[in-house]
Amino acid sequence: MSDTAMNNGVFSLDNTKAPSESKVLPLFSLKGKTAIVSGAGAGIGLCVAQGFAEAGANVAIWYNSNKKALDRAAEIEQTYGVKCKAYQVNVTDPDLVKKVVNEIVQEFNGRLDVFVANSGIPWTQGPAINGEVSHYHKVVSTDLDGTFFCARAVGEIWRRQHQEGTDAFGNPLDNYTCGKFIATASMSGHIVNIPQLQAAYNAAKAGVIHLCRSLAVEWVQFARANSISPGYMATEISDFIPQETKNIWKSKIPMGREGEAFELKGAFLYLASDASSYTTGADILVDGGYALP
């Protein structure tokens with residue numbers, strides 16, 4: 001394989017290779033692999049971490065302020081017989097992100113296989129021209145910049161693992177194909193939500209989708225980058241929304257309901273595993289059909 005993925009705008013041949021395994025269940029297995037999930041103290045991130053543990057992965061869960069994540073990590077470890085540990089990380093701090101990523105690689109068998117950039121906050125101040133600029137910066141910094149900072153940190157790990165073929169301790173990497181970066185985007189990166197107004201959030205999530213598409217090209221030799229766009233999910237992030245507004249949401253969803261966080265496990269597992277070995281730069285909508293009509 002060439003060390004250059006692209007030359008003068010033309011991709012090199014055989015930039016990647018297919019997994020040696022071809023049976024479907026082994027392809028979905030994460031046994032012995034290491035995953036990091038940010039924003040995993042509750043909601044979508046916690047369900048994803050549980051799903052990865054169910055599939056055999058050792059999981060590091062990141063939280064910002066929800067210290068219940070410490071208990072959740074202990075429960076995951078005990079229930080699924082894998083290594084699981086919680087870390088407090090503010091994803092808007094690039095130096096801290098890089099530091100903790102490298103600490104986890106050292107603590108989790110010297111390797112990293114999967115990173116899920118799930119940290120995010122909603123826009124809560126209505127029309128863009130009425131909202132505070134400081135709130136805009138907080139939303140974009142967390143939802144988009146934080147995803148970028150995480151990608152930079154883990155991309156360095158995956159590039160080295162590809163170039164050297166070893167873990168952080170110099171041992172050959174077992175059952176490893178490439179890095180898998182998955183960002184939690186949103187259907188709001190595809191459509192404009194109503195009746196609530198949230199231009200900053202929509203723009204940030206659209207940026208997350210296109211960031212992953214761009215990274216998929218940049219990283220093609222050593223990692224895959226994809227995103228998942230959930231629709232309205234029954235999680236804590238929307239607790240501030242009045243029930244009347246949620247009823248309007250439901251009336252615009254063909255399935256007629258919000259999704260449950262566990263209904264995202266399958267999509268994340270697909271992208272985290274070798275079952276998706278020929279999938280990169282993709283965005284998977286999991287929205288009950290909201291974006292269809």
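The model is predicted, so local features need pLDDT of at least 70 and side-chain atom pairs count only at pLDDT 80 or more, while totals for chains, interfaces and linings use all residues. Residues are numbered from 1 along each chain as its sequence is written, and side-chain values use heavy atoms, with hydrogens and water left out.

Seven strands make up an open sheet, ordered β5-β4-β3-β6-β7-β8-β9, with parallel pairing (strands pair if DSSP finds at least two bridges between them; strands are DSSP runs of E, at least two residues, and helices runs of H or I, at least four, numbered from the N terminus). β5 (84-88) and β9 (283-286) sit at the edges with a single partner strand each, so one side of each has no neighbour in the sheet. On average, neighbouring strands are turned by 15° against each other, direction ignored (axes are lines fitted to C-alpha atoms, for helices over the stretch in contact, and angles run from 0 to 180 degrees between N-to-C directions).

Within the sheet, β3 (residues 34-37) and β6 (residues 114-117) run parallel and are joined by three bridges; V37 has V116 of β6 as its bridge partner. Helix α2 (residues 43-54) packs on the sheet, touching β3, β4 (58-63), β6 and β8 (223-230), and its direction makes about 170° with that of β3 (contact means heavy atoms within 4.5 Å). Helix α5 (residues 133-164) also packs there, touching β4, β6, β7 (179-184) and β8, at about 175° to the direction of β7.

As for helix pairs, the axes of α4 (residues 94-107) and α5 come within 9 Å and cross at roughly 35°. Among the residues making this contact are V97 and V101 of α4 and F149 and I157 of α5.
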